[in-house]
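Please keep the viewer open as you go through the topics below.

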Amino acid sequence: MHILEIARHILAALCLLGGASLVLAGASGVVRLPDFYTRLHAAGVTDTLGTLLVLLGLILLSGLTLLSAKLALVGLFLFLTSPASTHAIANAAHKAGLKPRLGTWRSEPEAKEDKGA
Amino acid sequence: MFGEGMGYAFSLLIAMALLWLVLSGHYDSTLLLSLGGGSAVFAVFLAWRLHILDDETSPYHKLPRFFIYWPWLLVEVIKANIIVVRTILSPVMVLTPRMVRVKTLPGTDMGKVLLANSITLTPGTVSVDIDRDEIIVHALLKELTAKEGFAEMARRCAWTWGEKEEVS
Amino acid sequence: MIFATALMLMAAMMLMLVRLLRGPELYDRVLAVNSFGTKTILFLCVFSFLIGRNDGVDIALLYAIMNFISTIAILKFFRYRTLDVALSRRRRRRA
């Protein structure tokens, strides 16, 4: 029983830290990527797996209580609304005539960030 | 027809009551429980008055298939996440953005919504617009625009919304 | 560990603010605000564990609803310049 408790806390810690680093990676992508449509994808990383892992870690910490049901509800709601709002932003930009940059793009390690913008 | 409507109303009522219980956390006070039940009934009445009490509002008979579809979608999301995170975090980013058109297999509106939402939920692909039976998709990398992947997702969405009987 | 998670979420929110201030297009800014909202929801959940009170999760749920509605409302306003437009073309079914 004691071993199980320790394992639960370790798993929760792994989920929390993994999810938070995914959120951080997505945020750095939103800053680094070159144009609007590519930034959408970086925000998508935060919305899906980052959210899922952080909430899963909190659910593991709280155990089988009303609080974990509420956390699952938050997760379900984000899971249903985040694609809708991402699509709404993308569709609004597309309808307004914002053109995506297609073709191959590569960043040089020391190049200026707004080189091709 | 009347029986079907009652089924939608009843399943929506159960969902609303469960939502009230989870959000409030009161199980013992009779007054509060009856007030919660009353508000659930009122919500269902409002849905009936808005004429939205149909299979899109409370798709209870499609729920079992969703529970088969969601784990598959979760695996796809995790796979795409790994690819996108590796691309974003590499010191020299090599991106190959593409705009592609994806044929939708589902015929009904909700089936198309399911497919477009699944495409958006998978990182690296975002559905930008819908043009009759084609979805315009922006992809971060050209590896993510394989036709077979989209076709399989479309097949599974059509199956989940009950337009097809078998997955493959 | 919870504290470290909260700090990392805060750092991600700061990066979102960078994109919000720098974003060349309107849509970059809307995206930044929406993503900031998602991170705020996560931060509220983590914060309620940090201070040991469960009320934060309720606020997070409320914030999730508000974040979605405000994103849609902002986009709708900048597209039509009014909020008095029907978004759904769903046919009304007479019962």
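This is a predicted model: local features need pLDDT of at least 70, side-chain atom pairs count only at pLDDT 80 or more; totals for chains, interfaces and linings use all residues.

A residue counts as buried under 20% relative accessible area, as exposed over 50%, and as partly exposed in between. By that definition Lys79(B), at 48% relative accessibility, is partly exposed.

**Nonpolar cores**

- The largest nonpolar core holds 60 residues, and Phe36(A) and Tyr27(C) have the most contacts inside it.
- Leaving aside residues up to four places away in sequence, Phe36(A) touches Ile89(A), Ala93(A) and Leu98(A), along with Tyr27(C), Asp28(C) and Leu31(C).
- There is also a second, separate core of 18 residues, including Leu121(B), Ile135(B), Val137(B) and Phe150(B).

**The sheet in chain B**

- Three strands form an open sheet in the order β2-β4-β3 (chain B), and their pairing is antiparallel.
- The edge strands are β2 (98-103) and β3 of chain B, each of which pairs on one side only.
- From one strand to the next, the twist averages 30 degrees.
- Six bridges join β2(B) to β4 (residues 134-139) of chain B in the antiparallel sense.
- Val102(B) stands opposite Ile135(B) in β4(B).
- α3(A) packs on the sheet and touches β2 and β3 of chain B, its direction making about 60 degrees with that of β3(B).
- Helix α4 (residues 109-121) of chain B packs on the sheet too, touching β3 and β4 of chain B, and its direction makes about 150 degrees with that of β3(B).

**Salt bridges**

- Over all chains, the count comes to ten salt bridges.
- Glu76(B) and Lys79(B) form one of them, at 3.3 Å from N to O; both lie in helix α3 of chain B, three residues apart, about one turn of the helix.
- Glu76(B) has a relative accessible area of 23%, so it counts as partly exposed.
- Glu134(B) and Arg101(B) meet in a salt bridge at 2.7 Å, N to O. This pair links distant parts of the chain, 33 residues apart, with Glu134(B) in strand β4 and Arg101(B) in strand β2 of chain B.
- Arg101(B), Asp131(B) and Glu134(B) are linked in a network of salt bridges.
- In chain C, Arg53(C) and Asp55(C) form a salt bridge whose closest N and O atoms are 2.9 Å apart.

Notes: Residues are numbered from 1 along each chain as its sequence is written. Chains are lettered from A and ligands numbered from 1 in the order in which they are written. Side-chain values use heavy atoms; hydrogens and water are left out. A nonpolar core is a set of buried Ala, Val, Leu, Ile, Met, Phe, Trp, Tyr and Cys residues joined through side-chain atoms within 4.5 Å. Buried means under 20% relative accessible area, exposed over 50%, partly exposed in between (1.4 Å probe, protein chains only). Contact means heavy atoms within 4.5 Å. Two strands pair if DSSP finds at least two bridges between them. Helices (H or I, at least four residues) and strands (E, at least two) are DSSP runs, numbered from the N terminus. Axes are lines fitted to C-alpha atoms, for helices over the stretch in contact, and angles run from 0 to 180 degrees between N-to-C directions. A salt bridge is a side-chain nitrogen of Lys or Arg within 4 Å of a carboxyl oxygen of Asp or Glu.
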